[in-house]
Amino acid sequence: MNSVPKIAATLLAVLVLASCGKSSDEPKSGSSDVSSPSASASTSLSAGPSSTANPSTGKAMAGNGYGYNLPKGWEDITAQLKQNQQSIDTGGRAKPATPPFTANMNTLTTASKVSGEPTQDDLDALAAQIKGEVKSLAPKIKTSPHVTIAGAPAVHQEGDANSSGTKFYLVQYFAIHKNVNYGLTFAFPKSASAADREKVVQPVLASWKWTSP
């Protein structure tokens, strides 16, 4: 069985805050000044029809045990996100910011109770937990078939969300790799089409790499 701290709803609120702010200069030090991560041997992705997407070529980001690239033209807002939620590892946003809602994303890591290779039951339990945690903000969110991100099994869910009257579209992935849960949360304006969302999500997933701790 999995255990993910109950932070999903808080993360959605943070995403709304991030999406409404003015486009800011990137932090001068810390999380934004990251060199390209060193990749592990596994960089495969199986996430449906768009699994052949080319990797993102935007700013290189690095978390604990992983790295990825933001979409080209996006800015690093990790420092801003951490001011609202310290558990966030990294985050980015489309630039320039365009209120009332700007596409954005964040990543986080949490300990997993899964030992060894996750089973279907492990993934189903994780999906149910995440779905339950975001129910108040995204009551009709749907769990999609499980995928792999850089070879690691992952759950996938998406759907409409609403935070204090701000409506947006939520896409979440949680991968399990070496006893750690890795969460990727994307949020888009309601006006973004499925194709528009895929052009952001799939290249980011394709750029994901596991790195040495």
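**Close-up views of a predicted model**

**View 1. An open sheet of three strands.** Three strands form this open sheet, in the order β2-β3-β11, and their pairing is antiparallel. Its edge strands, β2 (60-63) and β11 (209-210), each pair on one side only. Please keep in mind, here and in every view below, that this is a predicted model.

View 2. Strand β3 covers residues 66-69 and runs antiparallel to β2, with four bridges joining the two. A handy place to start looking is Ala62, whose bridge partner in β3 is Gly67. Helix α4 (residues 194-207) packs on this sheet, where it touches β3 and β11. The direction of α4 makes about 140 degrees with that of β3.

**View 3. The salt bridge between Glu75 and Arg93.** Two salt bridges turn up in a search of the whole structure. One of them brings together the side chains of Glu75 and Arg93, at 3.0 Å from N to O. Glu75 belongs to strand β4 (residues 75-76) and Arg93 to strand β5 (residues 88-93), so this pair, 18 residues apart, links distant parts of the chain. Are these two residues buried or exposed? Both Glu75 and Arg93 are buried.

**View 4. Strand β5 and its neighbours.** Staying with β5, you will find this strand mostly covered, with six of its six residues buried. Two bridges join β5 to β4, and these strands run antiparallel. Within that pairing, Asp76 stands opposite Gly92 of β5.

**View 5. The salt bridge between Lys190 and Asp160.** In this view the side chains of Lys190 and Asp160 meet in a salt bridge, with 2.9 Å from N to O. Lys190 sits in the loop between β10 (180-189) and α4, while Asp160 is part of strand β8 (residues 152-163), so the pair ties together parts that are 30 residues apart in sequence. How accessible are the two partners? Lys190 is partly exposed, with a relative accessible area of 44%. Asp160 is partly exposed too, with a relative accessible area of 42%.

Notes. Residues numbered from 1 in each chain as written. Predicted model: local features only at pLDDT ≥ 70, side-chain atom pairs only at ≥ 80, totals over all residues. Heavy atoms only, no water. Pairing = 2+ DSSP bridges. Contact = heavy atoms within 4.5 Å. Axes fitted to C-alpha atoms, helices over the stretch in contact; angles between N-to-C directions. Salt bridge = Lys/Arg side-chain N within 4 Å of Asp/Glu carboxyl O. Buried < 20%, exposed > 50% of the residue type's maximum accessible area, 1.4 Å probe, protein only.
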